[in-house]
Amino acid sequence: MTSPHSARPAAPAPRLIATDLDGTLLRDDKSVSERTVAALAAAEQAGIEVFFVTGRPARWMDVVSDHVHGHGLAICANGAAVVDLHAGGTFLEVRPLERAVALEVVTTLRAAAPGTSFAVELTTGIHYEPQYPPFFLDPGATVATAEKLLFEEKPGAAAPVLKLLAQHPELDPDAFLSAARAAAGDLASFTRSSPTALLEISGLGVSKASTLALCCAERGISADEVVAFGDMPNDIEMLGWAGRSYAMGNAHPDVIAAASGRTVANNEDGVAVVIERILAGTLDDD
């Protein structure tokens with residue numbers, strides 16, 4: 001008699017690894033360990049493509065630019081952009097948040113959660129409101145109300161909006177996310193990756209998962225042939241889409257629930273641990 005486990009069809013051999021960066025591939029000090037560097041290089045040498053899939057903008061990708069092999073592509077801003085890291089972060093594809101929609105989101109969130117402040121991430125850089133917390137302030141940024149930052153005299157003439165950022169000084173992060181989705185979830189895609197009440201807002205349907213799916217389709221790679229890694233709510237859709245997915249040991253509870261597996265924490269090189277098992281042919285020994 002065959003056991004249920006032995007009757008289960010074997011998963012296809014992985015052809016692509018999709019990994020988040022902060023809290024996942026990177027250690028807390030934002031470094032890439034020697035073990036992880038070696039694992040990424042070994043995966044590429046074995047013919048497995050590696051995609052960095054992050055909420056970071058292209059200008060913050062220097063932390064991994066030396067570890068990109070093969071195609072050199074990365075998915076940034078939670079799926080709003082595909083960039084070529086071999087070409088210094090050149091934008092190859094942009095899936096923008098329309099400015100009129102962004103303005104409607106701003107109006108809606110100001111009413112639903114008074115005290116919210118905003119920043120606008122463009123393909124050319126970030127701009128923010130005076131009340132927006134000084135996380136990573138850009139000396140070249142414009143400081144003004146979101147309404148002024150999003151205004152354009154001629155529709156379609158200004159730089160594309162990659163995402164809108166909304167921060168609240170008092171609300172619980174998950175409660176803020178739930179409230180924002182309830183108020184404006186029909187207008188845009190809402191997620192978060194910060195431990196603070198900081199929301200990341202993209203065009204409706206834009207996510208790490210949807211852009212990764214497009215990139216995989218271009219390569220003839222199915223979801224079943226993808227192994228994904230993540231730690232925060234902005235990774236949930238990607239982990240659910242991939243045939244195999246791993247929540248980090250330090251992951252948000254909702255991420256753990258969404259993933260098909262779990263690895264050790266980012267500071268323990270959890271991504272490298274799984275890649276080494278893939279290359280050793282022991283990934284199915286669970």
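This is a predicted model: local features need pLDDT of at least 70, side-chain atom pairs count only at pLDDT 80 or more; totals for chains, interfaces and linings use all residues.

User: In which strand does Ser202 lie?

Analyst: Strands are DSSP runs of E of at least two residues and helices are runs of H or I of at least four, numbered from the N terminus. By that assignment, residues 198-203 form the strand that holds Ser202, namely β10.

User: Is Ser202 buried or exposed?

Analyst: Buried means under 20% relative accessible area, exposed over 50%, and partly exposed in between (1.4 Å probe, protein chains only). The relative accessibility of Ser202 is 2%, so the residue is classed as buried.

User: Which residues does Ser202 touch, leaving out those up to four places away in sequence?

Analyst: A contact requires heavy atoms within 4.5 Å. With residues up to four places away set aside, the partners of Ser202 are Ala77, Asn78, Leu97, Leu162, Lys163, Ala188 and Ser189.

User: How many aromatic pairs are there?

Analyst: Rings of Phe, Tyr and Trp (its six-membered ring) pair if their centres lie within 6.5 Å; planes under 30 degrees apart count as stacked, over 60 as edge-to-face and the rest as tilted. The number of aromatic pairs under this rule is two.

User: Why is the pair of Tyr128 and Tyr132 classed as it is?

Analyst: The ring centres of Tyr128 and Tyr132 are 6.4 Å apart and the planes meet at 20 degrees, so the pair is stacked. Tyr128 is buried at 7% relative accessibility, and Tyr132 is buried at 8%. The class asked for is therefore stacked.

User: What is the geometry of the pair formed by Phe229 and Tyr246, and which strands hold the two residues?

Analyst: Phe229 and Tyr246 are stacked, at 5.7 Å centre to centre with 25 degrees between the planes. Both Phe229 and Tyr246 are buried. The two residues are 17 apart and link distant parts of the chain, with Phe229 in β11 (residues 226-230) and Tyr246 in β12 (residues 244-247).

User: Against which elements do the buried residues of α10 pack?

Analyst: Helix α10 spans residues 270-280, and its buried residues include Val271, Val274, Ile275 and Ile278. In general, an α-helix has 3.6 residues a turn, so residues three or four places apart point the same way. The buried residues of α10 pack against β1 (16-19), α2 (21-25), α3 (34-45), β11 and β12.

User: How far is Leu279 from Ala42, C-alpha to C-alpha?

Analyst: Leu279 also belongs to α10, but this residue is partly exposed, with a relative accessible area of 39%. Its contacts, not counting residues up to four places away in sequence, are Ala42, Ala43, Ala46 and Ile48. Leu279 and Ala42 are 237 residues apart along the chain, and their C-alpha atoms are separated by 8.0 Å.

User: What is the radius of gyration of the protein?

Analyst: The secondary structure comprises ten helices and 13 strands. The globule rule (2.2 Å times the number of residues to the power 0.38, with the radius taken over C-alpha atoms) gives 19 Å for 286 residues, and the model is close to that value, so it is as compact as a globular protein of that length; its radius of gyration is 19 Å.

Note on methods. Residues are numbered from 1 along each chain as its sequence is written. Side-chain values use heavy atoms; hydrogens and water are left out.
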